[in-house]
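This report goes through a predicted complex.

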Amino acid sequence: MIVRFAISRLLQAVPVLLLVSVLAFALSAAGGSPSQPGSGPLPERYARFIIGAVQGDFGASLRLGRPVGAVILDRLPATVDLAGSAFALSLLLGVPAGVIAAVRRRSLAGRLAQALSVLAASIPAFLSGTVLLLLFAERWQMLPASGRGETVELHGWSTGLLTVSGLQSLVLPALSLGAFQAALLMRLLRDGMGQALESGFIRFARSRGLRRLSVLRHALANALVPVVTASALQFGSLLAVSMVTECVFNWPGIGQLLVQSVAAADVPVMVAYLLMLGVAFLALSVAADLLCFALDPRLRPPRTAQRTAA
Amino acid sequence: MTLLKVDELQVIVRGGMAVDGVSLTLGQGEVLALMGESGAGKSLTAAAIVGLLPPGSRMKGGIIAFKGKRIDQSNRAGWRKLRGKHICAVFQDPYGALDPLQTIGVQLTQTLRTHQPQLTRALLRDRVAEWLEAVSLSADRASAYPHELSGGMRQRVALALAMAPGPEILIADEPAAALDMPLRAQLAGLMRRLAQAQNTSVLLISHDIRTALAAADRVAVMYAGRVLETGPAAAVLQSPRHPYVAGLIASMPGLAERKHRLPVVSGRMPLPGTAPRGCVFRQSCHNASDQCRAERPAQPASGAACFHPLPELADAGIRA
Ligand code: SF4
């Protein structure tokens with residue numbers, strides 16, 4: 001059943017994917033990229049563009065003179081490290097804070113979570129990044145201010161998650177990028193959880209004498225469904241917002257690459273970035289739908305052989 | 001033996017006194033119907049008894065005692081020990097009573113295991129099947145999710161969930177309000193049978209006189225946060241003494257033969273916090289006197305809270 005659902009969901013994504021590819025192609029054609037020879041009718045050029053894109057061939061970067069695919073692959077691991085840790089951080093901070101804020105609304109911890117979320121949600125990423133940088137890196141010299149630190153190569157994929165200096169370098173950018181998302185998650189969960197806790201089935205569960213932990217688990221599961229969808233889309237926007245953070249912290253990821261490429265009118269890199277972001281967003285939303293599908297039986301198609309007689 | 005005693009209960013909702021001095025008793029194995037229009041305070045009374053008043057409301061005064069022990073000041077652990085095994089409540093709204101993300105089998109299992117942690121997995125499965133069959137559902141329905149069941153089935157599952165811990169008192173707050181008439185009668189009958197089998201006392205909250213009278217031994221009728229009349233179900237039906245209760249019964253077609261001479265209730269019930277001085281019903285009462293305007297009639301243990309009650313059925317002829 002879940003396979004059928006996954007296939008139909010992927011098919012639904014095809015039109016959006018087509019639209020993104022046409023946009024990317026238009027950008028590529030308008031930019032007059034020399035590596036995509038402008039000969040022949042448009043449909044033929046579009047077909048060649050797609051075939052190339054599927055194989056990871058976007059021509060050569062105008063700025064660096066190297067194949068765009070290789071340039072991006074150099075930069076991608078840094079962004080995955082950053083966005084992944086920021087996302088993990090936002091879950092780690094946002095989910096417990098949301099639960100506490102809903103369950104212990106009036107306690108000190110609840111109020112603190114509330115206040116911090118307001119703070120985190122109202123500060124733009126470049127500002128929080130700069131402030132963190134000034135305090136922890138410049139003033140107190142506790143953490144590195146720029147770059148990824150040492151990285152380890154794993155099957156051609158570099159990661160800073162396995163070295164001390166790599167992890168130290170991650171702290172500030174991940175915090176700056178994740179704080180905003182954590183605040184959003186926290187609010188979403190606080191509201192969903194608050195609503196669930198006042199719902200009839202929670203009241204009924206309490207009246208049956210269920211343990212507090214079981215009651216909270218019921219409420220949390222119900223509050224999570226909308227959070228899953230939202231946080232998947234947030235992860236997508238993390239990839240996009242990481243551009244700012246990467247520039248502040250001189251982080252060698254694809255966000256920084258994009259900024260450099262735009263400055264140099266390096267169209268092939270921009271085209272590849274656009275396509276990649278589109279595909280990532282789609283993949284995330286499909287993944288979120290599948291997760292919701294697993295969480296909420298009401299979203300699944302009705303089972304056959306259901307007798308409805310009372 | 002008196003299982004539950006509510007004495008002079010007061011509940012405040014957003015500053016207004018929504019329950020103002022309600023006293024009730026519930027005996028072993030007894031079914032008491034608490035009746036009244038919506039907003040009369042019956043659901044709040046029920047919620048206060050299990051310590052689950054909705055947000056925005058709180059108990060202002062009075063005493064709630066279970067088996068002679070005061071329970072209304074229990075802490076969280078105290079309530080948890082009390083709920084389920086001793087007092088269990090099933091509330092309005094069959095759609096919201098079940099967790100939409102869990103199968104009914106899981107919800108039943110969890111409830112049973114909470115109160116009988118010693119049950120083995122196999123025994124638990126058997127008990128779930130027994131409970132489903134007890135409410136006329138087939139045992140293979142354990143794997144169904146709430147949204148796969150009809151409203152009537154859901155309400156029966158809720159009943160099974162409420163009875164599974166083996167409560168001494170079941171508080172059923174309009175359990176059938178959302179169902180059609182025939183299903184309501186069916187559910188009321190089922191509840192009565194299950195309660196009798198376990199010797200459970202029932203506090204049945206209802207605005208539907210028919211259900212109340214069919215299922216209950218005794219009735220208490222609420223209006224504007226007060227109990228206006230209590231008594232054996234048959235006696236109150238045949239010979240209501242309170243003008244409001246008489247009007248209520250008269251307004252039910254086919255219920256009372258003497259409806260031709262009973263006044264029909266006119267006027268709105270006062271909202272919480274706006275009840276007049278004196279008798280809460282006096283603005284709609286044809287018999288209101290100066291005494292009714294000055295003093296509030298006390299709620300007797302049985303009978304009408306009224307200075308000028310209607311005569312008993314025996315003297316009905318004289319009065320007419
Ligand atoms: S006490 Fe007076 S006003 Fe109230 S119901 Fe009785 S007769 Fe009417």
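Over which residues of chain B does pLDDT stay under 50? The stretch is 315–320 of chain B, and the model has seven contacts beyond four places in sequence for it. Chain A has such a stretch too: pLDDT stays under 50 over residues 305–310. For residues 305–310 of chain A the model has nine contacts beyond four places in sequence. Where pLDDT is low, the predicted coordinates should not be read in detail.

For the complex, the predictor gives an ipTM of 0.88 and a pTM of 0.81.

Next, the fold of chain A. Chain A holds 10 helices and two strands. Along the sequence their pattern reads α-α-α-α-α-β-β-α-α-α-α-α. The C-alpha trace of chain A spans about 75 × 65 × 35 Å along its principal axes.

Chain A also carries a nonpolar patch on the surface. Its members are F126(A), L127(A), V131(A), L135(A), W140(A), M142(A), V241(A) and V244(A). Together they have about 690 Å² of accessible area. Two elements of chain A give two or more residues to the patch: α5 (125–139) and α8 (212–248). α5(A) gives the most, with four residues. M142(A) sits in the loop between α5 and β1 (152–154) of chain A.

Last comes the ligand. How many residues surround the ligand? There are 13, and the closest are C279(B), C285(B), C292(B), C306(B) and F307(B). By class, the shell has nine nonpolar, three polar and one charged residues.

Key:
Residues are numbered from 1 along each chain as its sequence is written. Chains are lettered from A and ligands numbered from 1 in the order in which they are written. This is a predicted model: local features need pLDDT of at least 70, side-chain atom pairs count only at pLDDT 80 or more; totals for chains, interfaces and linings use all residues. Side-chain values use heavy atoms; hydrogens and water are left out. Patches are made of residues with over 30% relative accessible area and no salt bridge: like charges are joined within 9 Å, nonpolar side chains (Val, Leu, Ile, Met, Phe, Trp, Tyr) within 5 Å. Accessible areas come from the Shrake-Rupley method with a 1.4 Å probe; for residues, only the protein chains shown count as cover. A salt bridge is a side-chain nitrogen of Lys or Arg within 4 Å of a carboxyl oxygen of Asp or Glu. pLDDT is the predictor's confidence in each residue, from 0 to 100. Contact means heavy atoms within 4.5 Å. A residue is near a molecule or strand if one of its heavy atoms lies within 4 Å of it. Ala, Val, Leu, Ile, Met, Phe, Trp, Tyr, Cys and Pro count as nonpolar, Asp, Glu, Lys and Arg as charged, and the others, Gly among them, as polar.
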